[in-house]
Amino acid sequence: TPAVADIAVQGVGTQTCAEFARDYANDPETWEKIYFTWGQGFMSGLNIASIRANGESRDIDGAEIATQEGAVRAYCDAHPLQSYFQAIYVLYTALKLNKPVRPN
């Protein structure tokens with residue numbers, strides 16, 4: 001059976017946390033921007049799907065970007081074998097729920 005990342009996720013977010021840490025160590029500013037921009041798109045997609053399904057979304061703009069990036073780095077430091085997208089998903093689920101909206 002293929003892993004979720006093999007069939008449902010593409011891009012830099014499929015790298016392991018250890019690979020992210022290696023890239024970050026080589027050039028923190030560039031690689032954090034590349035990875036976290038991918039993560040913002042992933043969270044935006046999760047929000048769109050959730051709004052369509054049940055009207056709920058997460059406040060992905062509710063915390064400073066630097067705080068969110070720090071949370072992802074901390075998760076990755078503690079879970080080097082996990083995928084970066086899993087770190088983003090953990091961040092996403094920790095964000096405050098917005099008031100439900102009616103899907104269009």
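1. Buried side of α4. In this predicted model, the buried residues of helix α4 are Gln 68, Glu 69, Val 72, Tyr 75 and Cys 76. Viewed down the axis of α4, these buried residues fall within an arc of 120°, so they line one face of the helix. The cover over them includes α2, α3 and α5.

2. Opposite side and length of α4. On the face of α4 turned away from its buried side sit the exposed residues Ala 66, Thr 67, Asp 77 and Ala 78. The length of the helix can be checked as well. With 14 residues at 1.5 Å a residue, α4 should span 20 Å, and its end C-alpha atoms are 20 Å apart, which agrees.

3. Helix α3. This helix has 27 residues. From its first C-alpha to its last, α3 reaches 37 Å, close to the 39 Å expected at 1.5 Å a residue. Its buried residues are Glu 32, Tyr 35, Phe 36, Trp 38, Gly 39, Phe 42, Met 43, Asn 47 and Ser 50. They pack against α2, α4 and α5. Just after α3, Gly 55 takes a positive phi of about 80°.

4. Nonpolar core. Nonpolar side chains tend to be buried together in soluble globular proteins. Here, the largest nonpolar core has 19 residues. Those with the most contacts inside this core are Phe 36, Trp 38, Met 43, Val 72, Cys 76, Tyr 84 and Ile 88. At least two core residues come from each of α2 (17-26), α3 (28-54), α4 (65-78) and α5 (84-94). The helix that gives the most is α5, with six residues.

5. Ile 88 as an example. Which residues does Ile 88 touch, not counting residues up to four places away in sequence? They are Phe 36, Gly 39, Phe 42, Met 43 and Val 72. Of these, Val 72 is among the buried residues of α4, while Phe 36, Gly 39, Phe 42 and Met 43 are among the buried residues of α3.

6. Disulfide. The count of disulfides comes to one. It joins Cys 17 to Cys 76, with an S to S distance of 2.2 Å. The torsion about this S-S bond is about -50°, so the disulfide is left-handed. Cys 17 lies in helix α2 and Cys 76 in helix α4, 59 residues apart, and the pair links distant parts of the chain. Both Cys 17 and Cys 76 are buried.

7. How many salt bridges does a search of the whole structure find? There are two. In one of them, Glu 32 pairs with Arg 73, and the closest N and O atoms are 2.6 Å apart. Glu 32 belongs to helix α3 and Arg 73 to helix α4, so the pair ties together parts that are 41 residues apart in sequence. Glu 32 counts as buried because its relative accessibility is 9%, under the 20% cut-off. Arg 73 is partly exposed, with a relative accessible area of 24%.

8. Salt bridge between neighbours. Arg 22 forms a salt bridge with Asp 23, where the closest N and O atoms are 3.1 Å apart. Is Asp 23 buried or exposed? At 10% relative accessibility, Asp 23 counts as buried. Arg 22, at 46%, counts as partly exposed.

Terms used
Residues are numbered from 1 along each chain as its sequence is written. This is a predicted model: local features need pLDDT of at least 70, side-chain atom pairs count only at pLDDT 80 or more; totals for chains, interfaces and linings use all residues. Side-chain values use heavy atoms; hydrogens and water are left out. A nonpolar core is a set of buried Ala, Val, Leu, Ile, Met, Phe, Trp, Tyr and Cys residues joined through side-chain atoms within 4.5 Å. Buried means under 20% relative accessible area, exposed over 50%, partly exposed in between (1.4 Å probe, protein chains only). Helices (H or I, at least four residues) and strands (E, at least two) are DSSP runs, numbered from the N terminus. Contact means heavy atoms within 4.5 Å. The expected span of a helix is 1.5 Å times one less than its number of residues. The arc is that of the directions from the helix axis to the C-beta atoms. A salt bridge is a side-chain nitrogen of Lys or Arg within 4 Å of a carboxyl oxygen of Asp or Glu. A disulfide is a pair of cysteine sulfur atoms within 2.5 Å.
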